[in-house]
Amino acid sequence: MKKLNVAKKDTCMACKACEIACSEAFYKEFNEDYSCIHIGVAKDGETPKPTVCVQCGKCAKNCPEGAITQNAKGVYTIDKKKCVGCGKCVEVCPFHVIVKSEAKEYASKCIACGICVKACPMGVLEIKEA
(Lines give C-alpha, C1' and ligand atoms only; values in the text may rest on other atoms or scores of the structure.)
Protein backbone atom coordinates (compact mmCIF):
# COMPACT_ATOMS: atom_id res chain seq x y z
CA MET A 1 0.00 0.00 0.00
CA LYS A 2 1.22 3.47 -0.89
CA LYS A 3 0.33 6.40 1.34
CA LEU A 4 1.45 9.77 2.62
CA ASN A 5 2.97 9.51 6.07
CA VAL A 6 4.00 12.05 8.70
CA ALA A 7 7.52 10.83 9.40
CA LYS A 8 8.89 13.62 11.59
CA LYS A 9 5.92 15.42 13.11
CA ASP A 10 8.08 17.08 15.77
CA THR A 11 10.03 19.03 13.14
CA CYS A 12 7.01 20.68 11.46
CA MET A 13 7.33 24.48 11.53
CA ALA A 14 3.82 25.14 10.18
CA CYS A 15 5.33 26.92 7.17
CA LYS A 16 2.44 25.52 5.10
CA ALA A 17 4.67 24.83 2.09
CA CYS A 18 2.94 21.44 1.80
CA GLU A 19 -0.52 23.04 1.79
CA ILE A 20 0.57 25.59 -0.81
CA ALA A 21 2.00 22.88 -3.07
CA CYS A 22 -1.11 20.70 -2.77
CA SER A 23 -3.70 23.41 -3.40
CA GLU A 24 -1.70 24.84 -6.29
CA ALA A 25 -1.37 21.37 -7.85
CA PHE A 26 -5.10 20.64 -7.66
CA TYR A 27 -6.61 24.13 -7.93
CA LYS A 28 -3.86 26.35 -9.40
CA GLU A 29 -4.09 28.72 -6.42
CA PHE A 30 -3.08 28.79 -2.78
CA ASN A 31 -6.05 28.32 -0.54
CA GLU A 32 -5.51 26.19 2.55
CA ASP A 33 -9.15 25.08 2.32
CA TYR A 34 -8.31 23.40 -1.01
CA SER A 35 -5.31 21.47 0.27
CA CYS A 36 -5.61 17.73 0.88
CA ILE A 37 -3.13 18.04 3.75
CA HIS A 38 -3.72 20.31 6.72
CA ILE A 39 -1.41 21.81 9.27
CA GLY A 40 -3.38 22.34 12.44
CA VAL A 41 -2.41 22.75 16.06
CA ALA A 42 -1.99 19.99 18.64
CA LYS A 43 -3.96 19.91 21.89
CA ASP A 44 -1.33 22.06 23.60
CA GLY A 45 -2.46 24.96 21.40
CA GLU A 46 1.01 25.62 19.99
CA THR A 47 2.64 22.58 18.39
CA PRO A 48 1.99 22.24 14.64
CA LYS A 49 0.12 19.06 13.74
CA PRO A 50 0.14 17.80 10.13
CA THR A 51 -2.97 15.83 9.20
CA VAL A 52 -2.92 13.55 6.15
CA CYS A 53 -5.14 10.99 4.43
CA VAL A 54 -4.44 7.50 5.80
CA GLN A 55 -6.32 5.81 2.92
CA CYS A 56 -8.93 4.37 5.32
CA GLY A 57 -11.63 4.03 2.64
CA LYS A 58 -14.53 5.63 4.53
CA CYS A 59 -14.96 8.03 1.63
CA ALA A 60 -15.35 5.15 -0.84
CA LYS A 61 -17.84 3.31 1.36
CA ASN A 62 -20.03 6.40 1.59
CA CYS A 63 -19.87 7.59 -2.02
CA PRO A 64 -23.37 7.06 -3.48
CA GLU A 65 -22.04 7.22 -7.06
CA GLY A 66 -19.18 4.74 -6.64
CA ALA A 67 -16.79 7.45 -7.78
CA ILE A 68 -14.11 6.59 -5.22
CA THR A 69 -12.19 3.37 -5.73
CA GLN A 70 -8.96 1.87 -4.48
CA ASN A 71 -6.22 1.35 -7.04
CA ALA A 72 -3.64 -1.44 -7.15
CA LYS A 73 -1.29 0.52 -4.88
CA GLY A 74 -3.97 0.91 -2.20
CA VAL A 75 -4.68 4.58 -2.88
CA TYR A 76 -8.30 5.71 -2.98
CA THR A 77 -8.92 7.98 -5.96
CA ILE A 78 -11.91 10.00 -7.14
CA ASP A 79 -13.15 9.49 -10.69
CA LYS A 80 -13.98 13.05 -11.75
CA LYS A 81 -16.39 11.78 -14.40
CA LYS A 82 -18.46 9.83 -11.86
CA CYS A 83 -18.29 12.34 -8.99
CA VAL A 84 -21.41 14.51 -8.78
CA GLY A 85 -20.00 16.79 -6.08
CA CYS A 86 -22.51 15.78 -3.40
CA GLY A 87 -19.92 16.15 -0.64
CA LYS A 88 -20.70 12.90 1.20
CA CYS A 89 -17.00 11.99 1.15
CA VAL A 90 -16.10 15.38 2.64
CA GLU A 91 -18.63 14.86 5.43
CA VAL A 92 -17.43 11.38 6.42
CA CYS A 93 -13.67 11.90 6.21
CA PRO A 94 -12.47 11.47 9.81
CA PHE A 95 -9.41 13.61 9.13
CA HIS A 96 -11.14 16.41 7.17
CA VAL A 97 -8.68 16.17 4.29
CA ILE A 98 -11.09 15.68 1.40
CA VAL A 99 -11.92 19.01 -0.15
CA LYS A 100 -14.69 20.31 -2.37
CA SER A 101 -14.36 23.73 -3.94
CA GLU A 102 -17.46 25.61 -5.03
CA ALA A 103 -15.68 26.21 -8.35
CA LYS A 104 -15.19 22.50 -9.11
CA GLU A 105 -17.83 19.90 -9.83
CA TYR A 106 -15.91 17.17 -7.99
CA ALA A 107 -14.12 16.61 -4.70
CA SER A 108 -10.36 16.15 -4.30
CA LYS A 109 -8.37 13.92 -1.98
CA CYS A 110 -4.80 12.86 -1.42
CA ILE A 111 -3.52 10.52 -4.09
CA ALA A 112 -0.07 10.10 -2.50
CA CYS A 113 1.53 11.99 -5.38
CA GLY A 114 4.37 13.35 -3.26
CA ILE A 115 4.10 17.01 -4.23
CA CYS A 116 3.79 18.01 -0.58
CA VAL A 117 6.74 15.79 0.35
CA LYS A 118 8.99 17.60 -2.12
CA ALA A 119 7.75 21.00 -0.91
CA CYS A 120 8.40 20.41 2.80
CA PRO A 121 11.72 22.00 3.78
CA MET A 122 11.94 20.01 7.01
CA GLY A 123 11.42 16.50 5.65
CA VAL A 124 8.32 16.00 7.79
CA LEU A 125 6.45 14.00 5.14
CA GLU A 126 7.19 10.85 3.21
CA ILE A 127 5.49 8.54 0.76
CA LYS A 128 5.46 5.14 2.38
CA GLU A 129 5.09 1.80 0.66
CA ALA A 130 3.69 -0.77 3.08
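Predicted model: local features only at pLDDT ≥ 70, side-chain atom pairs only at ≥ 80, totals over all residues.
**Exercise 1. Locate Ser101 and list what it touches.**

*Solution.* 
- Step 1. Ser101 belongs to the loop between α3 (88–92) and α4 (115–119).
- Step 2. Its relative accessibility is 1%, so Ser101 counts as buried.
- Step 3. Set aside residues up to four places away in sequence. Ser101 then touches Tyr27 and Tyr34.
- Step 4. Look at the side chain of Ser101. One of its polar atoms lies 3.0 Å from the backbone nitrogen of Ala103.

**Exercise 2. Describe the aromatic pair in this structure.**

*Solution.* 
- Step 1. A pair of aromatic rings is described by the distance of the centres and the angle of the planes.
- Step 2. The structure holds one such pair. Its partners are Tyr27 and Tyr34.
- Step 3. The ring centres are 4.7 Å apart, with 40° between the planes. Stacked needs under 30 degrees and edge-to-face over 60, so this pair is tilted.
- Step 4. Check burial. Tyr27 has a relative accessible area of 8%, so Tyr27 is buried. Tyr34 has 16% relative accessibility and also counts as buried.

**Exercise 3. Which residues have the most contacts inside the largest nonpolar core?** Say which helix gives the largest share of this core.

*Solution.* 
- Step 1. The largest nonpolar core has 30 residues. Leu4, Ile37, Ile68 and Leu125 have the most contacts inside it.
- Step 2. At least two residues of this core come from α1 (17–27), and at least two from β5 (76–78). The largest share, three residues, is that of α1.
- Step 3. Take Leu125. Leaving aside neighbours within four places in sequence, its contacts include Leu4, Val6, Ile37, Val52 and Val117.

**Exercise 4. How many disulfides does the structure hold?** Follow up with Cys56 and Cys113.

*Solution.* 
- Step 1. A disulfide is a covalent bond between the sulfur atoms of two cysteines.
- Step 2. A search of the whole structure finds zero disulfides.
- Step 3. For Cys56, the nearest cysteine sulfur is that of Cys59, 6.2 Å away. A disulfide needs sulfur atoms within 2.5 Å, so Cys56 is in no disulfide.
- Step 4. For Cys113, the nearest cysteine sulfur is that of Cys116, 6.3 Å away. Cys113 is in no disulfide either.
- Step 5. Cys56 counts as partly exposed, at 35% relative accessibility. Cys113 is partly exposed too, with a relative accessible area of 42%.

**Exercise 5. Compare the backbone of Lys16 and Lys28.**

*Solution.* 
- Step 1. Lys16 is not a glycine, yet its phi is positive, about 70°. Lys28 has a positive phi near 60°, and it is a residue other than glycine.
- Step 2. Lys16 lies in the loop between β1 (2–6) and α1. Lys28 is in the loop between α1 and β2.
- Step 3. Lys16 counts as partly exposed, at 22% relative accessibility. Lys28 counts as exposed, at 70%.

Note on methods:
Residues numbered from 1 in each chain as written. Heavy atoms only, no water. Helix = DSSP H or I, 4+ residues; strand = E, 2+ residues; numbered from the N terminus. Buried < 20%, exposed > 50% of the residue type's maximum accessible area, 1.4 Å probe, protein only. Polar contact = N/O pair within 3.5 Å; in protein donor to acceptor, adjacent residues only side chain to side chain. Contact = heavy atoms within 4.5 Å. Core = buried A, V, L, I, M, F, W, Y, C linked by side-chain atoms within 4.5 Å. Phe/Tyr/Trp six-rings, centres within 6.5 Å; stacked < 30°, edge-to-face > 60°.
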